[in-house]
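Please keep the sequence and the model in view while reading the numbered points.

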Amino acid sequence: MVTKRRVLWGAAAALAVGGVVAVALWPSTVTVDAAPATRGPLQVTIDASGETRIHDRFTVSAPVMGRVGRITLEPGDVVERGVTLIAEMTPEDPPLLESRTTQEAEAAVSVARGLLGRADAEDAAARTALRQASAELERAQTLWTAGALTRQAYEMRGKEHAAAEERVRAAGFGVAPGEPLVELGDPSYLEVKADVLSTDAVGIRPGMSVSIEQWGGATPLRGRVERVDPSGFTKMSPLGVEEQRVSVTIDFKNDREAWTLLGDRFRVEVRIAVWEGRDVLQVPTAALFRSGDQRSVYVVDDDRARRRVIGVGRQTPSASEVTSGLDAGALVVVHPPETVTDGGRIAVEAR
Amino acid sequence: MLLRQMVRRPARTALSVLGLSAAGAVLLIGFSFIDIMEVLITQQFDRAWRQDMTLSFTEPLTSDVISAVAHLPGVLRVEPQRAVAVRLRAGPRHRTVAIVGLVPQPELQRVLDRAGQVHQPPGEGLLISQALAQLLEVVPGQQVDADVLEGDRRALALPVVGVVDDALGLQAYMTATALSRALREQPRVTGVALQVDAQALPALYARNRTLPAVAGVASTSAMLRNFRALMAQNLNVVITLNVVFSAIIAIGIAYNSSRVALSERSRDLASLRVLGFTRAEVSLLLVGELLLVTAASLPIGMVLGQALGSGLMQLFNNELYRLSYEVSWRTVAWMALTNLAAMLLSAALVVRQLHRVDLVGVLKERE
């Protein structure tokens, strides 16, 4: 009797101590986040900042030397062919003469007188040439007004410094031939120009679809790659190193109504879809880790983590294509902590 | 007979239990630092900061930098941040902090409270640390004035829309979009959190240090390693001290009480031996008391340690860090085992003395 009780006591004590030892040595459980491998669309994009541009810009410049009267057009005004007066030009006033210049002029006069005889001989020929020239001038002027304004309704934007100078010289200002006066363009015919890295440009083809985002509107706009420039240029990256960039031109695919408030040289973000799959087995990119040269994930197997080597195809910041080693529906550990081990205990955090 | 002695001297038994409980509590607090740090590490490094690398820039850059960073070799994911130094004012109280603008629903740099709950940066107004809310004496719904300490030094009035009971620092969060709107400027980036292919990490680390626009590169794993090393250094000292002290207390009390019992009852015990009880049976009578006292002290020590520890944590917590007092069952088990070991050691000492007792001499002695 006594022996039996003693055995019972001993067993109870051993059990208690054994329990405590078990708790002390119990392997710890790591709490993890998990997400399933899914099948669905996957899109690889090249993202860049871009700027809207009026497709065709026309610069109206001074055809001859002279004075330009006040330009009353404001940026945004509509110009109409044959109706809108852009600028009036008058001849420049001659400079004042001082004595030296006078003498020079008088000398020139006497030389000229000497030459007058010879000139008289060419007079007839010159008159003919003059008639011809004035006819040409007239035609050229008509062409100038009409030629630049090939569209029915142009809005226009003035040269920035022109607006400033007007205030200083209220009467107008002198211009040399070829000096730009106003720029005209059709803002309903916009395109986007984005500069991408040359290494990215290699993967971009005309016709690829583009999502135009962060332009200020609520929903992204659709676009299409129109042209990838054949030559690149060097640009300073925001990180302070030089890099080679290539301009990509993108056309809007939406109707004009969708982006009517976008103007010239507005900032947008573009995402060029360089690869698209409709039915792609994928896992969150955050689930991937390296084991040696191999890409692996931890698959949730009840309360254990199992390392699984997988083949990785296309990658985006959020999801990666799985080419081998995993089936759809498998739960994988996202952002696996360093404390997770193959076969180790895990508890999946309820989302 | 075992219990009789204990019940007869309730005060002494109680004191023994209390003494051993105190030893257990001291030990528990010492051990619990490991738990506290592990919980902090899990929360901060595994669950809140999930990036592999963090870059900070020399000045606020335009958002072009996001795609520039994304193109660095090995970068899998980029999450931009905008930090701006402000002086938050509420009445006469103020604190200089950084408002951190995060992306909505960040994946890498997340905001977690001490319970592990994820908080999202608000699109309107501020989400601030509870400690900051207490310092400024504001509650959600109230406004704080924010004097921006850079750029055009704008003065903003921002509503506090949420409070997060977080562990580190005095933080203020909102979405980067809301922050740049409040600052009346284009979206700008002062730092990025990166998820990086582990293979490319060393090369990327080296490269990033050479970039002119990058002021600082922090690798999360290196940070964690340093943190662990620092903690191990400090904690080992604390834990060793605690173990040594509590062992001295435990052994002292256990040995003393059983030694006293031995002196008091050596006559009884000797009689029992003479009557035919074996050495083991007599030893158990003596040690059994010690065993019961130790067993009784364990739960009390646990509760005491828990109460003392959380009280201590309250005093420790400050603007820099706020730790939760955490004790795992594993720690409790280690505490129990250590105390049991101390008990067994003193029991062994006493039993040895018991066996040395001169039976005849003791029995002849007159009372």
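1. The contact between the chains draws on 22 residues from chain A and 27 residues from chain B. The model is a predicted one. On the side of chain A that touches chain B, the elements giving two or more residues are helix 1 (2-25), strand 2 (38-54) and strand 16 (289-291) of chain A. Helix 1 of chain A gives the most, with five residues. By class, this side of chain A has 15 nonpolar, five polar and two charged residues.

2. Within chain A, Arg278(A) belongs to strand 15 (residues 267-284). Is Arg278(A) buried or exposed? Arg278(A) counts as exposed because it has 8 C-beta neighbours inside 10 Å, and the limit for that class is 12 or fewer. The C-alpha atoms of Arg278(A) and Leu42(A) are separated by 6.5 Å, although the two residues are 236 residues apart along the chain.

3. Two packed helices are described by the angle between their axes and the distance between the axes. In chain B, the axes of helix 7 (residues 220-275) and helix 8 (residues 279-316) come within 9 Å and cross at roughly 150°. Helix 7 of chain B is therefore roughly antiparallel to helix 8 of chain B, as angles over 145 degrees count as such. The crossing of helix 7 and helix 8 of chain B is right-handed.

4. The residues of helix 7 of chain B that meet helix 8 of chain B include Ala254(B), Ser257(B), Leu262(B) and Arg273(B). Among their partners in helix 8 of chain B are Val282(B), Leu285(B), Glu289(B) and Thr294(B). By class, the contact of these two helices has 10 nonpolar, three polar and two charged residues.

Key
Residues are numbered from 1 along each chain as its sequence is written. Chains are lettered from A and ligands numbered from 1 in the order in which they are written. This is a predicted model: local features need pLDDT of at least 70, side-chain atom pairs count only at pLDDT 80 or more; totals for chains, interfaces and linings use all residues. Two residues are in contact if their C-beta atoms, placed from the backbone, lie within 7 Å. Helices (H or I, at least four residues) and strands (E, at least two) are DSSP runs, numbered from the N terminus. Ala, Val, Leu, Ile, Met, Phe, Trp, Tyr, Cys and Pro count as nonpolar, Asp, Glu, Lys and Arg as charged, and the others, Gly among them, as polar. A residue is buried if 20 or more other C-beta atoms lie within 10 Å of its own, exposed if 12 or fewer, and partly exposed in between; C-beta atoms are placed from the backbone. Axes are lines fitted to C-alpha atoms, for helices over the stretch in contact, and angles run from 0 to 180 degrees between N-to-C directions. Angles under 35 degrees count as roughly parallel, over 145 as roughly antiparallel, 65 to 115 as roughly perpendicular and the rest as oblique. A crossing is left-handed if the near helix is turned anticlockwise from the far one by less than a right angle, and right-handed if clockwise.
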